[in-house]
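Visitor: I would like to learn how to read the features of a model like this. Can we take them one at a time?

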Amino acid sequence: MSVRLKLTLSYAGFLMLAGALLLAAVWLFVLRYVPDRAMLIGAEDLPSRSVFPIRSRLLEVFAPRAAAVLAFLLLFGLVGGWLLAGRMLAPLTRITDAARLATNGSLAHRIRLPGRKDEFRELADAFDAMLVRLEAHVAEQQRFAANASHELRTPLAISKTLLDVARADPHHDTGELIARLHAVNSRAIDLTEALLLLSRADQRSFTREHVDLSLLAEEATETLLPLAEKHGVTVETCGDITPTVGSPTLLLQLTTNLVHNAIVHNLPEKGTVWVNTSVRPETVVLTVENTGEKLTPELASTLTAPFQRGTERIHTDHAGVGLGLAIVKTIAQAHDGTLTLTPRSAGGISITVELPRSPQRSART
């Protein structure tokens, strides 16, 4: 049976029960006190043609009419219950239709249920909010797939061109060809590994351990010191012990990406990078700031998009594959954290990662 039919039968059943209880109350509190035989006392004082009702006579008159009332209540309960159930379930029908449209791929449809805020209105609003997030996620995945296809096609096309040139000119310098092919293939490998890392972090398929974020920041800084010296950038680190729970490998990748971006996207000379860790009552914070060109808040908000490289798409030895901050954002979200990008008034940017604090403090070793 449908929900509407079940509600209709329920309404009619309760109405019949209420009528039966009312008739039973009439019997218990009225008819039971009516005598079954008429008793005449002082008949000479009574007017002629007086009527003396008795219980059996009243039952003969009352029973058919009570049955007729119950039949009317049953019919009224079925018709009224059917109409009332249909009216009550109308919002659910709209939600079901919207779910069918979403199943067929129409994510732009919204219910926008009118009326007062009740349970159905809350369900419709929650469904609309889910559709908004789902539509944005699908659009982001489509853009990501298109960008990834383009980025992967570029090194393959370059490799094919280089091989075609070598085939057409057998006397071409093979050393230069090998060097260029090596660089192109290295870039393709880096992009593929970045895509795999991004997928792994997005699926949260990793083991959580107790981690000191400050130790990871020191390790990433020490690893990237040669790159900082090459770019003439000074790296300054400070902070507290920052215990959290997560994947040490992914969190190290997060920290390394932040420090790497801060070094590469800096002033041409005498740039500075500040790496700081701090502890709050319920969270731990990693902040990476750098000097550099002035950025607008609008531009800063787009830097976490995949294959976004600041003001232009550059291709240098350390330009990366355009997934650095996208990976950072995904890793932070996979660890129930947040990523905040704030342009500095003097130039450069301040990036803050806030993660849940571990209830168990980890000691330095």
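Visitor: Which residue is the bridge partner of Thr-287 in E7?
Guide: Keep in mind that this is a predicted model. The partner of Thr-287 is Thr-352 in E7. That pair belongs to E5 and E7, which run antiparallel and share eight bridges.

Visitor: How many residues of E7 are buried?
Guide: Six of the eight residues in E7 are buried, so the strand is mostly covered, where buried means under 20% relative accessible area.

Visitor: What should I expect of side chains along a strand?
Guide: In a regular strand the side chains alternate between the two faces of the sheet.

Visitor: In what sense do E6 and E7 pair?
Guide: E6 and E7 are antiparallel, with six bridges between them. One case is Thr-342, whose bridge partner in E7 is Ser-350. The hairpin of E6 and E7 has five residues between the strands, and there Gly-347 takes a positive phi near 115°.

Visitor: In what order do the five strands of the sheet lie?
Guide: Read across the open sheet, the order is E2-E4-E5-E7-E6, and the pairing is mixed. At the edges are E2 (233–239) and E6 (338–343), each of which pairs on one side only. From one strand to the next the twist averages 15°.

Visitor: Over how many bridges do E4 and E5 pair?
Guide: E4 (residues 271–279) and E5 (residues 283–290) pair over seven bridges, in the antiparallel sense. Within this part of the sheet, Thr-277 stands opposite Leu-286 in E5.

Visitor: Which strands does H7 touch?
Guide: H7 packs on the sheet and touches E2, E4, E5 and E7 (349–356). The direction of H7 makes about 25° with that of E5. H9 (residues 324–334) also packs on the sheet, touching E6 and E7, and its direction makes about 140° with that of E6.

Visitor: At what angle do the axes of H7 and H9 cross?
Guide: The axes cross at roughly 145° and come within 9 Å. The crossing of H7 and H9 is left-handed. On the H7 side, the residues that meet H9 include Leu-250, Leu-254 and Leu-258, while those of H9 include Leu-325, Val-328 and Ile-331. Sorted by class, this contact has nine nonpolar, four polar and no charged residues.

Visitor: Which residues of H5 meet H7?
Guide: Leu-213, Leu-216, Ala-217, Glu-219, Ala-220 and Thr-221 in H5 do so, and their counterparts in H7 include Leu-251, Leu-252 and Val-259. The contact of H5 with H7 has eight nonpolar, three polar and one charged residues.

Visitor: Is Gly-77 buried or exposed?
Guide: Gly-77 counts as buried because its relative accessibility is 4%, and the cut-off is under 20%. This glycine sits in H2 (residues 55–103). Leaving aside residues up to four places away in sequence, Gly-77 touches Thr-8, Tyr-11, Ala-12, Leu-15 and Trp-82.

Visitor: How many residues apart along the chain are Gly-77 and Phe-14?
Guide: They are 63 residues apart along the chain, and 8.5 Å separates their C-alpha atoms.

Notes:
Residues are numbered from 1 along each chain as its sequence is written. This is a predicted model: local features need pLDDT of at least 70, side-chain atom pairs count only at pLDDT 80 or more; totals for chains, interfaces and linings use all residues. Side-chain values use heavy atoms; hydrogens and water are left out. Contact means heavy atoms within 4.5 Å. Helices (H or I, at least four residues) and strands (E, at least two) are DSSP runs, numbered from the N terminus. Ala, Val, Leu, Ile, Met, Phe, Trp, Tyr, Cys and Pro count as nonpolar, Asp, Glu, Lys and Arg as charged, and the others, Gly among them, as polar. Two strands pair if DSSP finds at least two bridges between them. Axes are lines fitted to C-alpha atoms, for helices over the stretch in contact, and angles run from 0 to 180 degrees between N-to-C directions. Buried means under 20% relative accessible area, exposed over 50%, partly exposed in between (1.4 Å probe, protein chains only). A crossing is left-handed if the near helix is turned anticlockwise from the far one by less than a right angle, and right-handed if clockwise.
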